[in-house]
Amino acid sequence: MRIEYRHLRWLSLIWDTDLTTKAKVTAAALADHMNANNHIAWPSEDRLADMTSQSKRTIVRSIEELEKSGWLVIERGGINRGTNRYSTAFPKELESLLMTQSPSTGATESLAGATQSPVRVTHSHPNQSNE
């Protein structure tokens, strides 16, 4: 089983955005709870508030900001208003820039999980001729 730490790449990109500081701190708390296999976290709003020393209302606003800006997908709590499930997302304008290549298969995979066929690329050194 291959464990990816997509949530750490997600957080490192969030630090360089125009999001509010409160949203960035909330994202850090969410990343701390992310499961490395499925990139899902389910901390309660109270837990996030305690971790970040922010009010529950600030947490709610920060989560809304992350969702509206395309950085977070929320599966709202189901029956009996259970805990929400949060998963990492990347704004559409960044998706094409965030492609990773598997060293074992050569397949290219986006951080969102879509896989593309491997592309054969040849490299030549600028100081060598291709003859």
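## Reading a predicted fold, one feature at a time

Modeller: Let's start with a pairing: β2 and β3 run antiparallel and are joined by 4 bridges. Two strands pair if DSSP finds at least two bridges between them. Strands here are DSSP runs of E, at least two residues long, and helices are runs of H or I with at least four, numbered from the N terminus. This is a predicted model, where local features need pLDDT of at least 70, side-chain atom pairs count only at pLDDT 80 or more, and totals for chains, interfaces and linings use all residues. Residues are numbered from 1 along each chain as its sequence is written, and side-chain values use heavy atoms, leaving out hydrogens and water.

Biologist: Which residue in β3 is the bridge partner of isoleucine 74?

Modeller: Tyrosine 86.

Biologist: Which residues of β2 are on its covered face, and which on the uncovered one?

Modeller: In a regular strand, side chains alternate between the two faces of the sheet. In β2, Leu72 and Ile74 make up the covered face, Val73 and Glu75 the uncovered one.

Biologist: Now helices. Which residues of α1 are buried?

Modeller: Buried means under 20% relative accessible area, exposed over 50%, and partly exposed in between (1.4 Å probe, protein chains only). Helix α1 spans residues 6–14, and its buried residues are Arg6, His7, Trp10, Leu11 and Ile14. They sit on the same side of α1 because they cover an arc of only 135° around the axis, taken from the directions from the helix axis to the C-beta atoms. In general, an α-helix has 3.6 residues a turn, so residues three or four places apart point the same way.

Biologist: How many salt bridges does a search of the whole structure find?

Modeller: Side chains of opposite charge can pair when their charged atoms come close. The cut-off is a side-chain nitrogen of Lys or Arg within 4 Å of a carboxyl oxygen of Asp or Glu, and the search finds 3. One of them joins glutamate 75 and arginine 85 (3.6 Å, N to O). Glutamate 75 is in strand β2 and arginine 85 in strand β3, so the pair ties together parts 10 residues apart in sequence.

Biologist: Where is confidence lowest, and where highest?

Modeller: Look at pLDDT, the predictor's confidence in each residue, from 0 to 100. Strand β6 (residues 115–116) is lowest, with a mean of 38, and α4 is highest, at 97.
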